[in-house]
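Please keep the structure open while you read.

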Amino acid sequence: MKTGIVNSGMTGIKDNIGNPEMLEKLFRSNQRAFREEFESIYPSIESTEAAKFWRQRLDYDNVPEKGRSFPVSEIITLIGVCALTAFLIRIPALFPSLFPDEVFYQKNAAIIVFLGLVLYTVIINRITDLKKLATVSAAFLVSVLYINLLPSKEPGDAVILVYIHMPLLMWFIYGIVFTDFELKNHERRIDFIRHNGDIAIVFALIAAAGGFLTMITIGLFDSIGLNIEEWYAENIIVAGAVSAPVVAAYLIGKFPALVSRIAPLIAAIFSPLVLVTLVVFLITMAVTGKDPYNDRDFLLVFNVLLLGVMGIIIFSVSGTAVIKNQKINAMVLFILSIVTIIIDLIALSAIFYRLGEYGLTPNRLAVLVSNILVLINLIMIMNDLFRVNFKNKEFDAVGETISKYLPVYLVWIIIVVFGFPLFFGLN
């Protein structure tokens, strides 16, 4: 059914979901028609940040937070998905002779977590297209069979790299489902990155509350002479850990305005703190004479630091893009990108040094290419941030650059996961 907005000759809400100015214009031109059209198309756009914002704005006067409804169907879906993930993570306890705990968790924990998130997204977003469902099912089935067929005893470096990169591949599959298979929609990709930042924040809050509850529970039972630590860890903590991301996704959907206010604030606070920390770290490294060239463990920490800062930059960019005062944050991110590039160049020089001294290994090749890809991405982000700060470029350009580069990471992850064991062997 056509709405008053469309009949007036203007394109509808869905066509302008990435255009805040046009959405505001549509709303002001005919608020009643806007509400009617929004309600009719909301199921198909509810995963976008714009839809979450307008949901909160339109409901603000009519449905206060304390009166927000929790439909039984949503609660049943949440409980069902959490129960499934909890059951799957408990497979080692049910079949201890077939699946040793450590090996099972290494291979399957991340797959189970993202299976829960994908299943919840499919149900909530009412994805019923058989082709899409078959594609997602095949992706998970192939991943599960492949990683569990890899050797468990004394796995080679290439196999361990598969363990490390499989969660990243699952993250991309989740992203494809979250964006409703709109692979070329850069706005949806940024929404997905922002959504992951929101999940991280809510997950941290759930983990903190869960930790507090755990201490109280264990303490209470200990006071009556019952030691339940081991049982509680195996049955409650593990199950809760894999279910918490799904609960976080549910809460974000129910209270989008709450998280949308927190995420940009955290990004604005942490970006300058990370910048100061990195500068102090580089100065301290120079003063103490510590270098990544001859210390393998330090090089590993160096690369983990690099990837962590890269993630913070991407999250901060997606968070900054939705706040009004972007100038200070844009400058901080610009300087942070420069410092991170310096760290990446140091890491790359150390990797090339070790390649020349000790030769090529799966680990060195993986780290080398990963650092090169990150360096290229950082340079692109730095260039955009330079234009934002000094050329009056729109901040959205930075997010678009990040979204366009994501497929490059995906291709490399696929190569590592499926190509390295063939090229370097399994042991």
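Buried means under 20% relative accessible area, exposed over 50%, and partly exposed in between (1.4 Å probe, protein chains only). This is a predicted model, where local features need pLDDT of at least 70 and side-chain atom pairs count only at pLDDT 80 or more, while totals for chains, interfaces and linings use all residues. Residues are numbered from 1 along each chain as its sequence is written, and side-chain values use heavy atoms, leaving out hydrogens and water.

Let's begin with the salt bridges (a side-chain nitrogen of Lys or Arg within 4 Å of a carboxyl oxygen of Asp or Glu). The whole structure holds five of them, including these:

| Pair | N to O distance |
|---|---|
| R188 and E182 | 3.4 Å |
| R387 and D384 | 2.6 Å |
| E400 and K404 | 3.3 Å |

R188 counts as buried because its relative accessibility is 5%, whereas E182, at 30%, is partly exposed. R387 and D384 sit three residues apart in helix α15, about one turn of the helix. D384 is buried at 3% relative accessibility, and R387 is partly exposed at 29%. E400 and K404 are four residues apart in helix α16, so about one helical turn separates them. E400 is partly exposed at 35% relative accessibility, as is K404 at 47%.

Now for the two helices themselves (DSSP runs of H or I, at least four residues, numbered from the N terminus). Helix α15 (residues 362–390) packs against helix α16 (residues 396–424) at an angle of about 175°, with their axes 10 Å apart.

Key:
Axes fitted to C-alpha atoms, helices over the stretch in contact; angles between N-to-C directions.
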